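This report goes through one protein model, from selected charged residues to the overall fold. Please keep the sequence and the structure in view while reading.

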Amino acid sequence: MSRISSSLRLSGELSEDVMAYSKFNVFHWHMVDDPSFPYESFTFPELTRKGSYNPATHIYTAQDVKEVIEYARLRGIRVLVEFDTPGHTQSWGPGAPGLLTPCYSGSQPSGTFGPVNPILNSTYEFMSTFFLEVSSVFPDFYLHLGGDEVDFSCWKSNPDIQDFMKKKGFGNDFKKLESFYIQTLLDIVSAYGKGYVVWQEVFDNKVKVRPDTIIQVWREEAPVSYMKELELVTNASFRALLSAPWYLNHITYGPDWEKVYMVEPLAFDGTPEQKALVIGGEACMWGEYVDSTNLVPRLWPRAGAVAERLWSSKLVTNLDFASKRLADFRCELLRRGIQAQPLNVGYCEQEFEET
């Protein structure tokens, strides 16, 4: 949905239309990552100027963001934005000098940078100002603050961080340093009257978070199965979102929608009170091999199988019946101009209708 081309703008709008057709009601917008910082910040404009692919074409302007939020609102869809830290932040570095951790090779800086530097007051001053802006731009009560896949190797190499660890009594446990950062960030965001969602590593690493934190379970197996993770998260009285079995960027030959359709998200050991804490699920589409050229057909109609699972009783498991209805749904999408990919060998009458 960035301003790369008119076709990408169109594909983004069509995806939100089909979200509404399928009764998806939250758009989780993973806004920035290591390769690019496309969000145009009015507080820190250098983030986009120096961290995006192209500051003239490959960005989300303030007007773009408003349009996405309003387009979604009119279709009953909330926009949950994510700014993932302290990892996945390489694109932040060029526009925010001093924010990332300098990595060392032996006793000398290597010239490379790692995650956000968690030991500097300036880091938290930056985050406080930045998330104040984000809180004003995105109206939803919740922000997604990330917290996943933090590589500790750069932190381990940095002598200033080593000294900080000793002073704090963290020893060599870099999960404690990550927790220190996350806890401080959550306090900042809470002060703005926002709730937050975090990836499961925040829970796994025993970060002390507020009781109203939502934990997103995304890892299929490691360190435990996602069903066991749901059991652990809800047993600790946290609400949970499940996305682990529904990564639609993963593709296999054949009707791979059947596997995602047969997931029962509450099939973990736990009390009824625990299961009531699983507040929803999420179909994910990551962009390593997806852009405007294949976003829509890769999402649809496969995402419809996830939507039906999440809105249906656990007793709804007839694959033959689901296959017929999903095929009909795919044909209806074609009639509406959505380039949804085929589920199997066959055709749609709608492909040949006159316009």
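Which residue forms a salt bridge with Arg325? The partner is Glu308, and the closest N and O atoms of the pair are 2.7 Å apart. The pair links distant parts of the chain, with Glu308 in helix α13 and Arg325 in helix α14 (residues 319-335), 17 residues apart.

## Basis of the model

The model is predicted, so local features need pLDDT of at least 70 and side-chain atom pairs count only at pLDDT 80 or more, while totals for chains, interfaces and linings use all residues. Residues are numbered from 1 along each chain as its sequence is written, and side-chain values use heavy atoms, with hydrogens and water left out.

## Salt bridges

A salt bridge is defined as a side-chain nitrogen of Lys or Arg within 4 Å of a carboxyl oxygen of Asp or Glu. By this rule the count comes to 12 salt bridges.

Burial is judged by relative accessible area: buried is under 20%, exposed is over 50%, and partly exposed lies in between (1.4 Å probe, protein chains only). Glu308 is partly exposed because its relative accessible area is 22%, and Arg325 counts as partly exposed at 27%. Another salt bridge joins the side chains of Arg336 and Glu332 (2.9 Å, N to O). Arg336 is partly exposed at 40%, and Glu332 is partly exposed at 22%. Elsewhere, salt bridges that share partners join Glu46, Arg49 and Lys50 into one network.

Glu46 is partly exposed at 28% relative accessibility, whereas Arg49 is exposed at 52%.

Arg302 is found in helix α13 (residues 302-311). Arg302 counts as buried because its relative accessibility is 4%. The side chain of Arg302 makes a polar contact with the side chain of Asp256 (3.1 Å). A polar contact is a pair of N or O atoms within 3.5 Å; within protein, one must be able to donate a hydrogen and the other to accept it, and residues adjacent in sequence count only if both atoms are side-chain atoms. Contact in general means heavy atoms within 4.5 Å. Leaving aside neighbours within four places in sequence, Arg302 is in contact with residues including Leu248, His250 and Gln341.

Asp33 is found in the loop between β1 (26-30) and α2 (46-51). Asp33 is buried yet has no salt bridge, and the nearest side chain of opposite charge, Arg219, is 15 Å away. For charge, Lys and Arg count as positive and Asp and Glu as negative; His and the chain ends are not counted. The side chain of Asp33 does make a polar contact with the side chain of His30, at 2.7 Å. Not counting residues up to four places away in sequence, Asp33 touches His88 and Ser91.

## The whole protein

The protein has 14 helices and nine strands. These are DSSP runs, numbered from the N terminus: helices are H or I with at least four residues, and strands are E with at least two. Buried residues make up 50% of the 355 residues. Among contacts between residues at least 6 apart in sequence, 69% join residues at least 24 apart.

Along its principal axes the C-alpha trace spans about 70 × 50 × 40 Å.
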